[in-house]
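Please open the model in the viewer and keep the selection panel at hand. The stops below begin at the ligand and proceed to the pockets.

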Amino acid sequence: MTENQDSPLSLGGLMKGKRAIITGVANERSIAWAIAQAFHREGAELVFTYPGEAMGARVRPLAEGLGAKAILDCDVSKDADIERTVADVKKVWDRVDVVVHAIGYAPRSALDGRFTDATTREIWQITMDVSAYSLIALARAFKPMMPPGSSIVSLTYYGAEKVVSNYNVMGVAKAALEASTRYLAEDLGKDGIRVNAISAGPIKTLAAAGIKGMRAMLSENAERTPLRRNVDQEDCARAALYLCSDLAANVTGEILHVDAGQNIVGVVSMG
Ligand SMILES: NC(=O)c1ccc[n+]([C@@H]2O[C@H](COP(=O)([O-])OP(=O)(O)OC[C@H]3O[C@@H](n4cnc5c(N)ncnc54)[C@H](O)[C@@H]3O)[C@@H](O)[C@H]2O)c1
């Protein structure tokens with residue numbers, strides 16, 4: 001169980017009959033794992049993807065535990081992987097109602113030290129490709145399978161809006177992800193597909209471990225948010241339930257902050 005909630009929320013089948021693609025599960029601490037569990041509790045059917053067999057070995061037992069319809073190798077930096085994934089999904093489902101994009105990657109050297117020096121052309125290209133372009137690639141690939149009323153959700157962070165030490169090029173990629181969310185929402189709105197993002201406060205996960213100073217940031221953050229605490233994976237899962245269910249039928253292009261209020265703080269006295 002997570003630190004903010006005493007028991008899993010049960011909404012009586014909010015996602016019943018929905019078919020969801022879950023990307024981005026690396027382990028039990030992954031935000032995508034909490035989302036998958038919440039969707040499963042609410043009656044959704046799930047397909048999981050992972051990049052490469054090393055990750056697959058970790059994801060498979062988790063996904064099987066939730067009765068996954070398919071568990072597919074999909075490195076989002078490869079068009080062929082995305083095409084194969086869609087073809088494999090078509091073997092088990094004739095439609096997709098939800099795509100969860102919970103993918104972020106930057107080479108470790110990019111997340112330490114001076115932005116100017118750390119952000120080489122190669123690092124820029126890799127980070128933008130995997131962390132931002134992939135949302136557009138997945139949206140385009142799954143669009144023909146997504147009926148009106150379906151939705152896409154991704155995970156972003158405050159470092160897209162303001163400078164956060166050491167977040168560096170990931171902040172730029174998240175800014176691109178957030179802008180892409182709006183452009184996709186406008187474009188795919190014609191097909192009745194909604195596109196939103198959850199801007200999560202800092203959470204200790206595998207991806208976050210790569211950011212220098214994360215531990216100190218977590219403890220400082222917990223003292224400074226309006227709610228004087230950090231968020232956790234379950235908070236993101238609850239927001240995803242809202243955005244991907246019919247509760248948010250008229251919500252699109254939105255960046256929903258799930259951050260205990262962190263983003264509203266300017267200069268406040270901590271007294
Ligand atoms: N943890 C935080 O503090 C935090 C805060 C805000 C937003 N986010 C975002 O949440 C999302 C999920 O991250 P997380 O914190 O749960 O960490 P995580 O390490 O559990 O998940 C990151 C996932 O990205 C996947 N990935 C990386 N490269 C990939 C590729 N080429 N193809 C396909 N998948 C790839 C990894 O396999 C992994 O499952 C990311 O977008 C992250 O930026 C995290």
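A residue is counted as near a molecule if one of its heavy atoms lies within 4 Å of it. The model is predicted, so local features need pLDDT of at least 70 and side-chain atom pairs count only at pLDDT 80 or more, while totals for chains, interfaces and linings use all residues. Residues are numbered from 1 along each chain as its sequence is written, and side-chain values use heavy atoms, with hydrogens and water left out.

**The ligand**

Select the ligand and the 28 residues around it; Ser30, Ile31, Lys174, Ile203 and Thr205 come nearest. At Ser30, a polar side-chain atom lies 2.6 Å from a ligand oxygen atom. At Ile31, a polar backbone atom is 2.8 Å from an oxygen atom of the ligand. Ile203 likewise places a polar backbone atom 2.8 Å from a ligand oxygen. The ligand taken alone exposes 820 Å², of which the protein buries 92% (accessible areas by the Shrake-Rupley method with a 1.4 Å probe).

Now colour the shell by element (helices, H or I, of at least four residues and strands, E, of at least two, as DSSP runs numbered from the N terminus). Strand E5 (151-156) and helix H7 (206-209) are the elements that give two or more residues to the shell, and H7 gives the most, with 3 residues. By residue class, the shell holds 20 nonpolar, 6 polar and 2 charged residues, with Gly counted among the polar ones.

**The largest pocket**

A pocket is an open set of points on a 1 Å grid over the protein atoms alone, where a 1.4 Å probe fits and protein lies on both sides within 12 Å along at least five of seven lines; lining residues have an atom within 4 Å of a point. The ligand sits in the largest pocket, in that more than half of its atoms lie within 2 Å of the grid points.

H7 supplies the largest share of the lining, 4 residues.

**The second largest pocket**

Finally, move to the second largest pocket, with about 480 Å³ of space. Its lining has 19 residues, and Met217, Glu220, Asn221, Arg224 and Gln262 are closest to its centre.

How values were computed:
A polar contact is a pair of N or O atoms within 3.5 Å; within protein, one must be able to donate a hydrogen and the other to accept it, and residues adjacent in sequence count only if both atoms are side-chain atoms. Grid points are joined across faces, edges and corners, and a volume is the space filled by probe spheres set on the points.
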